[in-house]
Amino acid sequence: MKSFTYERVDSAAAATAAFARTPGARFIAGGTNLLDLMKLEIETPQHLIDVSRLALDKIEATADGGLRIGAMVRNTDLASDARVRRDYGLLTRALVASASGQLRNKATTAGNLLQRTRCPYFYDTNQPCNKRQPGSGCAAIGGFNRLHAVVGASDACIATHPSDMAVAMRALDAAIETVDAAGKARAIPIADFYRAPAKTPHLETVLAPGELITAVTLPKPVGGTHIYHKVRDRASYAFALISVGAIVQRDGSGRVALGGVGYKPWRVEAAEAALPRGAKPVADGLLAGARTTHENAYKLPLVERTLAGVLTQAKG
Amino acid sequence: MQTPEEYELSRRGVLVGGAASVATVTMVPIGTAAAATPPAKSPPTAKVAFEVNGTARELELDTRTSLLDALREHLHLTGTKKGCDHGQCGACTVIVDGRRINSCLTLAVMHEGEKITTIEGLGTPDKMHAMQDAFVTHDGYQCGYCTPGQICSAVAVLDEIKAGVPSHVTADLGAAPAVTKVELRERMSGNICRCGAYSNIIDAITDVAGVKA
């Protein structure tokens, strides 16, 4: 690991100010992904700004009947919150399907959104990777890529976003609240939060350098049956091959978001109109324009079949 | 970056130099690296004070020091084990402010003022914690390397169930989770045992929880 200086801050304003005056700084909260990458020298910050003790660890009701989840709320606490379990069951289900108990105790809401891909070539510094080293090439294209993206990928990168939580957040229409160094706040719909890889896969979100996530908001509950079905190589503690997060209403209408298929949680609102007609037309709409390799082509039928199972389960 | 030729050269240096001429052996790689490396300055340090197993400790550490390395290398509490050092195996599990975490994936300096419990703090050979006792009774290990992490994790798991933390296998999110084998297996999935003592580990935990297996 490269050496770095360290400071702990106690306010969002102090955090963004510290970032502005220190070149090569990164925020650290749970650290479970950042430190892992620092050990491999994939991340090499010169300065760490510890934001883990900011008073952003509350889950509060919003005026419009939704919830504001502080950026520092731990995954365990978010999954356990009585309001989340009752009204946003999809979010609890996605969280408890992710990582391990130890990691969920440390990982934060904001950090979960910002975790980086688990593409093995991104992790292997002996391999070219446009995300790790822009312009170096992509070893996953033509390499071992059964875990990789089937939608939204580019000729520069076929990595997937690994978060389960983000899949639920996408189906729930979450918005990400931030503040920048000038003190300017904004709310970014999660649909607009992740950047397509295109020719610049190292740029993963629309956040500006030094912009800090302060909260994630959920609109008021939409009811329905909440199901998160994650398909993985082992029954627990593994990243998704694919996952289906769904909210299904009594009349058969609903929402679907997918994990493990692209650079972001994948949702196509237009495809959801077909939900009462079953899994196939919805899966076709979600995966329109998919580009597969011989190793990851299985993901297309797997999405359809998993969605079919989810819809059957939703009928009770 | 080392080119294949340079690698070949240093490798040959090792072979030719052998044990008698250490200087020759090391000269080539150092000479190659030195050109790109600025003069060494000591890495940044920071002070941290926390409580470990009930005792106040103060350390000044290289900021890079993980909580795991602080415990093992600086406080000589070697019960906590380093397995993968990447949060994949759970051997480094300790309990911080009542919660189990991977001590390898957290910086020691981030734990100012916190209370850390390691396997040494749960019990001693003369006065074992109930979970340690149950692991012995049920033979919940083979080589024993993952055991401190397993035990710390197991103690915290029972508290998590008591606190109502749901898991992937909790059927009803509206109800309190129960202590069942299925729940325990899921909740212990962050602790890998390469010897495969899993069934005995679950027997030990259900014993402590007072649940009939």
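Predicted model: local features only at pLDDT ≥ 70, side-chain atom pairs only at ≥ 80, totals over all residues.
In helix H6(B), B:Gln150, B:Ala154 and B:Leu158 meet B:Ile201, B:Ile205, B:Val208 and B:Ala209 of H8(B). Contact here means heavy atoms within 4.5 Å. By class, this contact of H6(B) with H8(B) has six nonpolar residues, one polar and no charged. For the classes, Ala, Val, Leu, Ile, Met, Phe, Trp, Tyr, Cys and Pro count as nonpolar, Asp, Glu, Lys and Arg as charged, and the others, Gly among them, as polar.

Some ground rules. Residues are numbered from 1 along each chain as its sequence is written, and chains are lettered from A, and ligands numbered from 1, in the order in which they are written. Local features need pLDDT of at least 70, side-chain atom pairs count only at pLDDT 80 or more, totals for chains, interfaces and linings use all residues, and side-chain values use heavy atoms, with hydrogens and water left out. Helices (H or I, at least four residues) and strands (E, at least two) are DSSP runs, numbered from the N terminus.

Back to that pair. H6 covers residues 147-162 of chain B and H8 covers residues 198-209 of chain B; they pack at about 40°, with axes 11 Å apart. Axes are lines fitted to C-alpha atoms, for helices over the stretch in contact, and angles run from 0 to 180 degrees between N-to-C directions. That angle makes H6(B) oblique to H8(B). Angles under 35 degrees count as roughly parallel, over 145 as roughly antiparallel, 65 to 115 as roughly perpendicular, and the rest as oblique. The crossing is right-handed, a label for the near helix being turned clockwise from the far one by less than a right angle; anticlockwise is left-handed.

H8(B) has another partner, H5 (residues 130-137) of chain B: the two axes come within 8 Å and cross at roughly 135°. H5(B) is therefore oblique to H8(B). Their crossing is right-handed. On the H5(B) side the contact residues are B:Ala130, B:Met131, B:Ala134 and B:Phe135; on the H8(B) side they are B:Ile201, B:Ala204, B:Ile205 and B:Val208. That contact has eight nonpolar, no polar and no charged residues.

Next, the two chains together. The contact takes 42 residues from chain A and 40 from chain B. The area buried between them is about 3,300 Å², with carbon and sulfur atoms giving 52%. Buried area is the accessible area (1.4 Å probe) that two parts lose on being put together, summed over both. A:Lys39, A:Arg93 and A:Gln102 supply 20% of what chain A buries against chain B, more than any other three residues.

How many salt bridges lie between chain A and chain B? Three. A salt bridge is a side-chain nitrogen of Lys or Arg within 4 Å of a carboxyl oxygen of Asp or Glu. A:Lys39 forms one with B:Asp85, the closest N and O atoms being 2.9 Å apart.

The whole structure has 30 salt bridges over all chains. One of them joins A:Arg255 and A:Asp173, at 3.5 Å from N to O. A:Arg255 is in strand S11 of chain A, and A:Asp173 is in the loop between H9 and S6, 82 residues apart.
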